[in-house]
Amino acid sequence: MLAWTIYISFLGVAVLMCLPRGNARAARIVALATALGGLALAVGGFLEHKPGAEIATVARLPWIPSLGIEYHLATDGISIVLVLLTGLAAVAGILFSWNIEHRAKEFFAFYLALIGGVYGVFLSFDLFLLFVFYEIAIIPKYFLIAIWGSTNREFGAMKLALYSFVGSAMVLIGLVAAFVVAGGHSMNLIELAKFPFPESFQTWAFPLVFIGFAILAGLWPFHTWAPTGHVAAPTAASMLLAGVVMKLGAYGCLRVAMTLFPAGLLVWRDAIAWLAVIGIVYGAMVALTQKDFKFVIGYSSVSHMGFVLLGLMTLNEVGLSGAVLQMFSHGIIAGLLFAVVGRMVYDRAHTRDLAILEGMGLAKAIPFAAVTFVIAAVASMGLPGFSGFVAELQVLIGAWRAMPTLAVVAGVGIVIGVAFTLRTVVKAFFGETDSSAERRTPVRRESNAANDEHAELELGAPLEPISVPERFGAVMLIAVTVVVGLYPRVLLDVIVPAFGSPLFDALRKGGWL
């Protein structure tokens, strides 16, 4: 059943491309129906999943028999949680893109193709198949940003694509090398994880594959594509970039690099952990100084993804399960933050400059957006009762047990995170109101709805009220982070047993799990 999350996404692409040009309403309905179908399948798969160490095969067929390559889809507690995240992010992104009119069918076709690729990555247990879906997920990002983006969209799209493809090339070299060294008989992840790769080989193969994936996860200092890409992207693309695409990188680090090359992991563990902690503190400090609303959230994502990578390097059950939970939590919360900034604020105020927003009285003009952002902000800070608190707490406890110094430094990053979050909340929504600007906003006059680089601004129109689809999307994401925050066992009872699977045998034998 879970395989249909992939198929229905690409079927939605085919239906969209058959629609007549200019019928934006039909494109939105098809896209939403497709995303809801994928979410329903993801929820069904999650409810049917039996927690444990077993890896459940979803589909397995020969693909390229001469190379031992199979169409092998499977799931465990880690992948099913991320499939669920993808379904939620897909639906939310479409709800916050209900205003798309310019080439709507192409927009949603690229969007669903990206979603189909993401589902495929999380379900693939053949490394060649995983890599194919990984590339499928990367390509639509470029077009979504380059065509429908805003500030420096072509630069942001190209930078993101180049970073992604460099990382992909590194991963491909490492996977081909592993395939050859293992005898060239199979690309099955489970079989390759059992092969005793020489330590000298693992010493260079591990950083090649891990960093190749970690580039997409925003590992410092390879993170610079992320803020630029987030700022340039349209709202739905920003939500997907932060919500699921960055998780592809972290998932690859855990699923592939750490399971295939455990000896190399131990060699490079401390260095990567330090890079993760630097990313936590650096991202928070840079966010604290930003004047652009969206850049604040972009650097915030870099900081919070640092917790995922730090959790992976703890090599203990608490830290690793916290890292996976943080992937889910950050995907929900960051998606909500980008939705508020991109759709609720920028599409109405036509500016992201915090100095200008400070005088616009947005808390009174669009109170739903203000309340939503405050909730998302405190969730991002790690307030108890939200998913971010449980996830970051587990990462910090795991880090304290393994590397106490790094746990302390990461704690400093949390304090800075509180500072930049509170500063942004006040400046964006609760600054001193300029009475002449209250409930008034610059209006864009432009010939191309997708291009705001040459927009002419004038004061005049009242702020557009928050739409029903936006309200539904916001409430859904808020409900998810609250449910997981109040009852984290709903996910942890699924995630934790997955670390008992054969993929982690090498780490257990080394006394790490």
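Is V418 buried, partly exposed or exposed? Hi everyone, let's begin there. V418 is partly exposed, at a relative accessible area of 29%; here buried means under 20%, exposed over 50%, and partly exposed in between, using a 1.4 Å probe and protein chains only. V418 sits in helix α18.

A quick word on conventions. What you see is a predicted model, where local features need pLDDT of at least 70 and side-chain atom pairs count only at pLDDT 80 or more, while totals for chains, interfaces and linings use all residues. Residues are numbered from 1 along each chain as its sequence is written, and side-chain values use heavy atoms, with hydrogens and water left out. Helices are DSSP runs of H or I with at least four residues, numbered from the N terminus.

Now, helix packing. Two packed helices are described by the angle between their axes and the distance between the axes. The axes here are lines fitted to C-alpha atoms over the stretch in contact, and angles run from 0 to 180 degrees between N-to-C directions.

Take α12 (residues 293-314) and α13 (residues 317-349): they pack at about 175°, with axes 8 Å apart. The pair is therefore roughly antiparallel, a label for angles over 145 degrees. The α12 side of the contact (heavy atoms within 4.5 Å) includes F293, I297, H304, F307 and L312, and the α13 side includes G319, L320, M327, F338 and V345. By type, the contact residues divide into 14 nonpolar, 8 polar and 1 charged. For that count, Ala, Val, Leu, Ile, Met, Phe, Trp, Tyr, Cys and Pro are nonpolar, Asp, Glu, Lys and Arg are charged, and the others, Gly among them, are polar.

Helix α13 has another partner in α3 (residues 77-95), at an angle of about 0° and with axes 10 Å apart. That makes α3 roughly parallel to α13, the term for angles under 35 degrees. I78, V81, L82, L84, L85 and L88 of α3 meet V324, M327, F328, G331 and I332 of α13. This contact divides into 10 nonpolar, 1 polar and no charged residues.

Let's stay on α13 for G319. G319 counts as buried, at 0% relative accessibility. Beyond its neighbours within four places in sequence, G319 is in contact with G311, T314, Q394, V395 and G398. By contrast, think about N99: its C-alpha is separated from that of G319 by 40 Å, and the two are 220 residues apart along the chain.

On to α17 (residues 387-402), which has 16 residues and reaches 23 Å from first to last C-alpha, close to the 22 Å expected at 1.5 Å a residue. That expected span is 1.5 Å times one less than the number of residues. The buried residues of α17 include V390, E392, Q394, V395 and G398, and what covers the buried set includes α12, α13, α16, α18, α19 and α20.

G388 is buried, with a relative accessible area of 3%.

Helix α4 (residues 104-123) should span 28 Å over its 20 residues, and its end C-alpha atoms, 29 Å apart, agree with that. Of those 20 residues, 19 are buried, so α4 is largely enclosed by the rest of the structure.

What about the core? The largest nonpolar core has 201 residues, and F210, M258, L310, F328, F373 and F429 touch the most other members. Such a core is a set of buried Ala, Val, Leu, Ile, Met, Phe, Trp, Tyr and Cys residues joined through side-chain atoms within 4.5 Å. Not counting residues up to four places away in sequence, M258 touches F206, F210, C253, L265, L312, M313, L315, L320 and L507.

Most residues other than glycine have a negative phi, and most peptide bonds are trans. L315, in the loop between α12 and α13, has a positive phi of about 60° although it is not a glycine. L315 counts as buried, at 1% relative accessibility. H350 likewise has a positive phi of about 60°; it lies in the loop between α13 and α14 and counts as buried at 16%. Finally, the peptide bond from W220 to P221 is cis, with omega near 5°, and P221 is in the loop between α8 and α9. Thanks, everyone!

Definitions and conventions
Helices (H or I, at least four residues) and strands (E, at least two) are DSSP runs, numbered from the N terminus. Angles under 35 degrees count as roughly parallel, over 145 as roughly antiparallel, 65 to 115 as roughly perpendicular and the rest as oblique.
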